[in-house]
Amino acid sequence: MYKVLVSDNIAQKGIDILEAAGIEVDFKPGQNREELLNSIGNYDGIIVRSMTILNAEALNKAKNLKVIGRAGTGYDNIDLDTATKNGIFVFNTPTGNTISAVEHTLGMILSLSRNIAQANQALHNDIWDRKKYMGVEVKGKTLGIIGLGRIGSRVAKRAQAFGMKVIANDPYLAPKNAEKINVPLLPFKEVLEKSDYISLHTPLTDETYHILSHKEFAIMKETARVINCARGQNIDTEALAAALEKNKIAGAAIDVHEEEPVKATNNPLLSFEDRVIMTCHLGGTTTEAMDNVSITAAEEVVSVLHSNLPESPLNIPAMDPNEFNRAKPYINLVTKLGNFMAKWKGNERIVNLEVEYGGEVNQYNLKPMTLSFVKSILEPILDDRINLVNAMHVANERGISLKESQIQNEGELKNIIKVVLKTEQGEYSLAGTYLPIGFRVIEINGLRIDLELSGEFIIVSYQDKPGVIGKIGSILGEAEINIAIMQVGRKSFGGDAIMTMQIDSKPSAEIMTKIKQNLDDLDTNVKDLTYLKI
Ligand SMILES: NC(=O)c1ccc[n+]([C@@H]2O[C@H](COP(=O)([O-])OP(=O)(O)OC[C@H]3O[C@@H](n4cnc5c(N)ncnc54)[C@H](O)[C@@H]3O)[C@@H](O)[C@H]2O)c1
Ligand SMILES: O=C(O)[C@H](O)COP(=O)(O)O
């Protein structure tokens, strides 16, 4: 039975989904760090929001962990590199709280403009002061959005409906996406200089850490208002406090904080109660968003534990589930070719792997296929847990390089996948195809054959000579090993040849030695004689 830890608050609907799938759930929001570190090794899956810090210290103790589900968008609390090295799938649920974050941002903009929070607080303190809480209109003002993604673009649309002029900075967005919503993309500095409101909607990255600091506040209008519903560390809090202190800007609305939870001792912004409004990281906290992210996270954890790929993976290439289902035969084909190759030549020191894709397979995202191949090659060789997440990392660590390419498919077959293994001893190739009747090997080391891609095989590489087939046939016959199919491919008369036999039972080591001795007696220059079962 799988065990999943839910270490932050999620909606009950998510827990119900996990339990209905037969998973043992430990629901422990707010558990202390020590408890987490002591128990994390027991779990197959974890669902977190933004409060649980899954850094290297925690993940290196998570020996059984297969999947981390982030019920929400930002995943800066999860050390993706360590998760990847350790073969742990990580996904988020990036669309579930978008609208809530958008609406919260709009609420912050309006509240900041009209002093709603401050006036409310004053009234609760029995103070009626209409003059003090006079506001400004947003109509006709310029809103500068930093990060025009899911949330930023929707904030833009709603602000336009209020009659605001919206400009944005987003170096990673295709300009046509901004054009579609009538938002000019401008250089960062220009957005800061021109805006009356500056709203952050960037993820937390090395580049966006303190994206607003002293230098940036210095070039803003003195009437500018800053809104942060993205990540606390996007703003240098001390610099914002200094800018407010010197009246360099007019105000700020802050939902996310450098240190959470906010306390009087850790946040200088609390002393600007007339010009700063703060919420306790509420952007994604609505009934709807919580249901969305909790349900999706739970469904995805169940799905990943049952060997499916997550829909929004953060450490493997993304593949739409429909596409994944259609591509499954090719993922299976390349995996089977990898298994074949690993059993055939995996005992040699691998230097390079290549995968070539021909025909209709090329309509799919090839990355998951290539990763499946790398995994299938390494899995039988290494003791470590290898999966799609860490396959490339493990290959790199072992100095194995990888090449993926698309090839012209000129034959009658609708699809071909060719895999090439270069080792310190030699180079080997296999090509296969997927047909409605099953998977076939169509080429070994460049020699044409046609074999089902499952069962037990003997492969012999030798120099074409009369007598080889008869000799092997009679040795196997005497040992009562039935040959189901025998095929021989050769480059030319007397040239390199390959014989593959599909057999019904495993030959003993003595039989294999006998075959080798007999072929040596025929002087056939045997380069390879392998039994393998796939
Ligand atoms: N307050 C909340 O509760 C709450 C809720 C949801 C999301 N968030 C935060 O909001 C962030 C954005 O969410 P989203 O769904 O819109 O993500 P998204 O990925 O759709 O959009 C982020 C945008 O930022 C842009 N970007 C990245 N680096 C940038 C840079 N240096 N300068 C300018 N733009 C840059 C990206 O190109 C992208 O378009 C999340 O990462 C999360 O941290 C907060
Ligand atoms: O990135 C997010 O999804 C938001 O910041 C919400 O975070 P939370 O799940 O901790 O509310």
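Axes here are lines fitted to C-alpha atoms, for helices over the stretch in contact, and the angle between two of them runs from 0 to 180 degrees between N-to-C directions. Keep that in mind for the helix stops on this tour. One more thing before you click: this is a predicted model.

**Stop 1: two helices, α16 and α17**

Select residues 468–478, which is helix α16, together with 509–521, which is helix α17; their axes come within 10 Å and cross at roughly 155°. Angles over 145 degrees count as roughly antiparallel, so α16 is roughly antiparallel to α17. The crossing of this pair, α16 and α17, is right-handed.

Now show the side chains where they touch. From α16, pick Val468, Lys471, Ile472 and Ile475; from α17, pick Ile511, Lys514, Ile515, Asn518 and Leu519. Colour the contact of α16 with α17 by class and you get 6 nonpolar, 1 polar and 2 charged residues.

**Stop 2: another helix pair, α1 and α12**

Next, select 12–20 for α1 and 287–305 for α12. How far apart are these axes, and at what angle do they cross? The axes of α1 and α12 come within 7 Å and cross at roughly 15°. Angles under 35 degrees count as roughly parallel, and α1 and α12 are therefore roughly parallel to each other. Their crossing, α1 over α12, is right-handed.

By class, the contact of α1 with α12 holds 7 nonpolar, 2 polar and 3 charged residues.

**Stop 3: the domains**

Zoom out and give each domain its own colour: domain 1 is 3–94 + 288–305, domain 2 is 98–278 and domain 3 is 321–533. The C-alpha centres of domain 1 and domain 3 lie 39 Å apart. Where these two domains meet, the contact takes 6 residues from domain 1 and 6 residues from domain 3. On the side of domain 1 that touches domain 3, you'll find 2 nonpolar, 3 polar and 1 charged.

**Stop 4: ligand 1**

Click on ligand 1 and show what surrounds it. How many residues are there? There are 33 around ligand 1, and the closest are Gly74, Gly147, Gly149, Tyr172 and Gly283. Domain 1 and domain 2 each give at least three residues to the shell around ligand 1. Helices α5 (98–114) and α7 (150–161) each supply at least two, and the largest share, 3 residues, comes from α7. Sorted by class, the shell of ligand 1 has 13 nonpolar, 15 polar and 5 charged residues.

**Stop 5: ligand 2**

Hop over to ligand 2. Around this ligand sit Arg49, Ser50, Met51, Gly72, Thr73, Gly74, Asn97, His281, Gly283, Gly284 and Thr285. The class count for the shell around ligand 2 is 1 nonpolar, 9 polar and 1 charged.

**Stop 6**

Most residues other than glycine have a negative phi, and most peptide bonds are trans. Here are two spots to check against that.

Select Glu260 and Pro261. A cis peptide bond joins Glu260 to Pro261, with omega about -5°. Pro261 is in the loop between β10 (251–254) and β11 (276–278).

Finally, select Asn182, in the loop between α8 (175–180) and α9 (188–194). What is the phi of this residue near to? The phi of Asn182 is near 55°, a positive value in a residue other than glycine.

Key. Residues numbered from 1 in each chain as written. Chains lettered and ligands numbered in written order. Predicted model: local features only at pLDDT ≥ 70, side-chain atom pairs only at ≥ 80, totals over all residues. Helix = DSSP H or I, 4+ residues; strand = E, 2+ residues; numbered from the N terminus. Parallel < 35°, antiparallel > 145°, perpendicular 65-115°, else oblique. Left-handed = near helix turned anticlockwise from the far one by under 90°. Contact = placed C-beta atoms within 7 Å. Nonpolar A, V, L, I, M, F, W, Y, C, P; charged D, E, K, R; others polar. Near = placed C-beta within 6 Å. Domains from an automatic or database assignment.
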